[in-house]
Amino acid sequence: MSNPIEAQARIDLAAAFRWAARLDMHEAIANHFSVAVSANGKRFLLNPPGRHFSRLRASELLLLDADNLSAGEGDCDPTAWNLHARLHQQLPQARCVLHTHMVNTTALCCLQDFEFLMLDQNACRFHGRIAYDRDYSGMALDMAEGERVARLMGPDKDVLFMGNHGVIVVGASVAQAFDTLYYLEKAAALQVVALSTGRPLALIPEAMAAVAGAQWRSYPTDYCAMHFDELKRILDQQEADYCR
Ligand SMILES: [Zn+2]
C-alpha cells in the first residue's frame, strides 16, 4: 500500500504520460519521466520498459531507489536509470524529471551553437533557465553520463538542451515540470516556424526579456497547478483508467 504522497505522485505522473502522448511529445515506447516520492528525493517513480505513454497507469510505475538499483521494483531501462537516478540524487530542484525527443525543441538542439531565442512572450519564460550540452555522447549506458548531465544542469537550471538528442526538464512537481515541457515545445515550435521563413527575426531586447522572465516567475496565480488540474479533469472524463 503506497503512502498518500506516493499515491498522488503516481496519478500525476500517469497523467503526464497520457498528455505527452496526446500532444505527440512521445516516441514509440522510449523516453522516461520520473518523480521523487521521498523527502530526500532519492526514492522515485519511473515508467517501466516496453509500455506506450498512452496506456500507462498509476499502479504500473516502478518505485526505485537512486542509491541502490537492486532495492527497486523490477527491471528498468539502463539509460533511464543512469540519467534519472543521478539527477534525483544530485539536483535538489529535480523532484520531477521529464526527458523527451519532442520534435521542435529537439530540432533547435540540433542547430550549431544555438541559444533559445527571446522571440515571443512564451520564450521569455525560459530566460536564464536553460543549460546547453554541446557534446553529444551517445546512449547513457553508464553512470558517468548521468554525472555529466547533472553537472551541466547544476543547481539553478531547469531545462537542458541535449545537443543532437532531446531535452530534459526538471521541476518541483509533476505539474510544474509538465507545464514547463508544454510551454517549451510551444515556444520552440514558434521559433522553428519563424526561422523557416528566412526573414530577419525581431528579437526581444535582452533587458526586456529579463523583465518578462521575472514577471513569469512572480506571476501570482499557481498557473502550473491550475493547468495540470484541468488536464487531469479531461482525462477523468475521457480515459479515467490512468489513475488506477
Ligand atoms: Zn533520449
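Modeller: We begin with a term. On a 1 Å grid over the protein atoms alone, a cavity is a set of points where a 1.4 Å probe fits but cannot get out, and lining residues have an atom within 4 Å of a point. Grid points are joined across faces, edges and corners, and the volume is the space filled by probe spheres set on the points. This is a predicted model, in which local features need pLDDT of at least 70 and side-chain atom pairs pLDDT 80 or more, while totals for chains, interfaces and linings use all residues. Residues are numbered from 1 along each chain as its sequence is written, and side-chain values use heavy atoms, without hydrogens and water.

Biologist: How much space lies in the largest cavity?

Modeller: The structure holds one cavity of 30 Å³ or more. Its lining comprises 13 residues, and those closest to the centre are Gly138, Glu145, Arg148, Met162 and His165. The space in this largest cavity is about 80 Å³.

Biologist: Which residues are the protein donors of the zinc ion?

Modeller: Donors are N, O and S atoms within 2.8 Å of the metal (3.2 Å for Na, K and Ca); water is not among the atoms, so sites may look incomplete. Along the chain, the donors here follow the spacing H-x1-H-x63-H. Each contributes its NE2 atom, at 2.0 to 2.1 Å from the zinc ion, and the residues are His99, His101 and His165.

Biologist: Is His99 buried or exposed?

Modeller: Buried means under 20% relative accessible area, exposed over 50%, and partly exposed in between (1.4 Å probe, protein chains only). His101, with 22%, is partly exposed. The relative accessible area of His99 is 6%, so His99 is buried.

Biologist: How many residues of strand 7 are buried?

Modeller: Strands (E, at least two residues) and helices (H or I, at least four) are DSSP runs, numbered from the N terminus. Strand 7 covers residues 166-171. One side carries Gly166, Ile168 and Val170, the other Val167, Val169 and Gly171, and both faces are covered.

Biologist: Which residue in strand 7 is the bridge partner of Val97?

Modeller: Two strands pair if DSSP finds at least two bridges between them. Strand 4 (residues 96-100) pairs with strand 7 in the antiparallel sense over five bridges. In strand 7, the partner of Val97 is Val170.

Biologist: Which residue stands opposite Val167?

Modeller: Strand 6 (residues 159-162) runs antiparallel to strand 7, and four bridges join them. The residue opposite Val167 is Phe161.

Conventions:
1 Å grid on protein atoms, 1.4 Å probe; cavity = no way out; pocket = protein on both sides within 12 Å on 5 of 7 lines; lining within 4 Å.
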